[in-house]
Amino acid sequence: MVSNGNGEFSFDSKRRSGLPKIQTQKTDDDNVVCHDDSATPVKAQTLDELHSLQKKKSAPTTPIKSPHVFGVAVSEEERQKQQLQSISASLASLTRETGPKVVKGDPARQAETPKVAQSHATHYHHAPTLNISDSALKFTHILYNLSPAELYEQAIKYEKGSFITSSGALATLSGAKTGRSPRDKRVVRDETTEKDLWWGKGSPNIEMDEQTFLINRERAVDYLCSLEEVYVNDQFLNWDPNNRIKVRIVSARAYHSLFMHNMCIRPTAEELEEFGTPDFTIYNAGQFPCNRYTHYMTSSTSIDVNLARKEMVILGTQYAGEMKKGLFSLMHYLMPMRQILSLHSGCNMGKEGDVALFFGLSGTGKTTLSTDHNRYLIGDDEHCWSGHGVSNIEGGCYAKCIDLSREKEPDIWNAIKFGTVLENVVFEEHTREVDYADKSVTENTRAAYPIEYIPNAKIPCVGPHPKNVILLACDAFGVLPPVSKLNLAQTMYHFISGYTALVAGTEDGIKEPTATFSACFGAAFIMLHPTKYAAMLAEKMKKHGATGWLVNTGWSGGSYGSGRRIKLAYTRKIIDAIHSGALLNANYKKTEVFGLEIPTELEGVPSEILDPMNTWPDKKAHKDTLLKLGGLFRKNFEVFTNYKIGTDNNLTEEILAAGPNF
């Protein structure tokens with residue numbers, strides 16, 4: 001290669017015979033050969049410094065408006081001290097020290113720890129403690145209200161069995177327990193709860209004393225304080241701002257923290273500033289078992305609620321649903337004390353503001369029927385009915401995933417994306433695509449996601465007073481009508497009964513339908529006697545002009561095996577007619593035994609199926625099956641007959657009279 005002195009270069013073809021002559025020429029307007037994408041070198045001297053530049057510092061707890069105490073502005077440093085002091089108090093042992101030395105942040109970020117820790121180390125220990133433990137000599141790192149992205153990182157890094165699926169959801173495992181343990185859930189029985197709560201036969205409230213609760217609390221707190229880091233969520237229950245409950249969840253797993261981030265109402269930065277002391281605290285030490293030799297313990301699992309201390313302790317189960325339903329039980333106690341009815345129901349609202357409540361046990365179609373693209377979703381599971389209207393208790397949805405498909409449940413399918421927790425699902429190892437039909441881990445596979453992931457969710461999740469109260473039953477006996485209009489006494493009776501009938505699938509073939517009764521359609525979570533909730537429901541329905549309906553989504557023309565299940569299209573027509581008010585104007589007749597008012601005709605639904613007796617070819621078999629079901633209702637209701645409301649027994653007798661009569 002030679003130069004001609006003018007900035008032009010050429011290959012001498014004589015020296016490289018057979019190669020063409022190639023020329024390049026400098027341009028006057030720049031001094032480069034091609035586009036310059038160079039930049040100033042980073043200032044970092046090490047890889048650690050480079051990584052520190054990657055993450056922009058954020059302060060979600062920076063005050064939007066300066067808090068004041070007695071008219072004096074509180075500094076940022078003082079506010080952080082108060083917040084950490086509150087968390088330290090929550091984690092305090094009752095027998096050794098006032099509280100652990102807590103510091104915010106991941107212990108992996110060593111550079112941040114000493115400075116913050118030293119500034120707070122003496123803040124909580126005002127006097128030397130004689131009975132000091134090893135946990136008091138170390139710092140407990142508090143991972144406070146982390147974002148979903150941060151919790152993903154924590155789960156994948158520290159929790160075996162956590163993976164990102166192809167849709168972006170976090171798949172995780174709940175350990176040996178893949179469902180709730182209702183027989184291991186206990187409530188402290190003291191002077192207050194003795195007279196307020198429902199105890200005895202049929203009640204879900206299994207008693208324990210306060211001493212046993214404190215033993216289990218110490219076991220949970222000691223375990224949590226022994227860890228390098230714990231996750232703390234400060235969140236809310238109930239979208240009604242006048243009756244909002246502040247909850248603090250202390251847990252050992254990122255999965256649990258993300259689950260509750262999704263299921264509770266997420267506070268804004270400003271609301272976190274003013275959060276203060278929680279109204280209720282959960283200590284989730286689920287990886288650690290309870291001591292089976294402790295009084296009242298029957299297994300290594302114990303879920304304990306102390307209403308006086310406003311605390312819940314979880315030992316021996318990592319199933320996240322225990323936290324969700326534990327808080328629901330709390331609301332079933334607190335809200336009625338404020339004359340607010342707590343309900344295990346779905347809830348949606350029409351574009352004209354008409355609200356409907358949907359009650360139903362598993363398999364009745366509650367989720368399918370309450371999810372309507374022509375209506376707004378207020379919530380799918382837990383609600384309050386106050387003097388202002390209805391409000392969702394939660395900030396998310398906890399959907400079943402078994403056999404989930406895009407065609408059947410498009411809203412749930414599309415909600416399973418980044419931020420969603422997938423519990424106990426099976427996925428393809430390479431593609432990470434979930435097989436929702438695979439029951440290898442459990443049939444109770446679940447997805448937990450924020451309610452905002454549903455396109456037609458109403459935010460905030462509140463609405464006016466309900467216009468319709470719909471009780472759903474999947475009657476595999478095939479004798480309940482597709483739809484019945486209920487009076488108030490009948491609404492209370494069927495609400496207390498909480499009936500559905502399913503078929504137990506066995507390898508030997510078809511078995512007879514099995515009747516299932518769950519008081520108030522959620523017996524496992526109620527705290528007071530079912531009749532109290534039923535009386536409140538009737539009172540609110542009467543005051544606000546709501547109508548009760550019993551809708552059978554089960555069989556017609558015979559029991560399971562001989563009849564056929566009522567077409568979903570017909571049930572949707574029925575629900576649409578309830579929403580529009582058209583069904584109120586129909587002609588009605590009364591059935592025998594249950595005394596239900598049924599319409600004689602309804603547009604879009606064959607008239608002959610509206611009365612079950614018409615669809616049974618064997619009329620005697622129909623009557624016998626009807627009497628059998630009536631007997632099952634009576635037998636179930638025996639446990640409620642001795643409960644009196646008020647000074648007399650009139651209401652109880654009125655409810656009983658609304659049941660089967662034969």
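A salt bridge here is a side-chain nitrogen of Lys or Arg within 4 Å of a carboxyl oxygen of Asp or Glu.

1. **Basis.** This is a predicted model, in which local features need pLDDT of at least 70, side-chain atom pairs count only at pLDDT 80 or more, and totals for chains, interfaces and linings use all residues. Residues are numbered from 1 along each chain as its sequence is written, and side-chain values use heavy atoms, with hydrogens and water left out.

2. **A surface pair.** Glu-194 and Arg-189 form a salt bridge through their side chains, 2.8 Å from N to O. Glu-194 is partly exposed at 43% relative accessibility. Arg-189 is also partly exposed, at 28%. (Buried means under 20% relative accessible area, exposed over 50%, partly exposed in between, with a 1.4 Å probe and protein chains only.)

3. Lys-324 pairs with Glu-394, with the closest N and O atoms 2.6 Å apart. Lys-324 sits in helix 9 (residues 321-337) and Glu-394 in the loop between strand 22 (389-392) and strand 23, so the pair ties together parts 70 residues apart in sequence. Both residues, Glu-394 and Lys-324, are buried. Helices (H or I, at least four residues) and strands (E, at least two) are DSSP runs, numbered from the N terminus.

4. Lys-325 meets Glu-382 in a salt bridge of 3.8 Å, N to O. Lys-325 lies in helix 9 and Glu-382 in strand 21 (residues 382-386), 57 residues apart. Both Lys-325 and Glu-382 are buried. Shared partners join Lys-324, Lys-325, Lys-366, Asp-381, Glu-382 and Glu-394 into one network. The whole structure holds 20 salt bridges.

5. Five strands form an open sheet in the order 8-9-24-27-23, with mixed pairing. Strand 8 (163-164) and strand 23 are at the edges, each with a single partner strand, so one side of each has no neighbour in the sheet. Two strands pair if DSSP finds at least two bridges between them.

6. **Strand 27 and its partners.** Strand 27 (residues 446-450) has five of its five residues buried. Arg-446, Ala-448 and Pro-450 point one way, Ala-447 and Tyr-449 the other. Strand 23 (residues 396-400) runs antiparallel to strand 27, joined by five bridges. Ala-399 has Ala-447 as its bridge partner. Strand 24 (residues 421-423) also pairs antiparallel with strand 27, over three bridges. There, Glu-423 stands opposite Arg-446.

7. **The parallel pair.** Strand 9 (residues 170-172) and strand 24 pair in the parallel sense over three bridges. Thr-172 has Glu-423 as its bridge partner.
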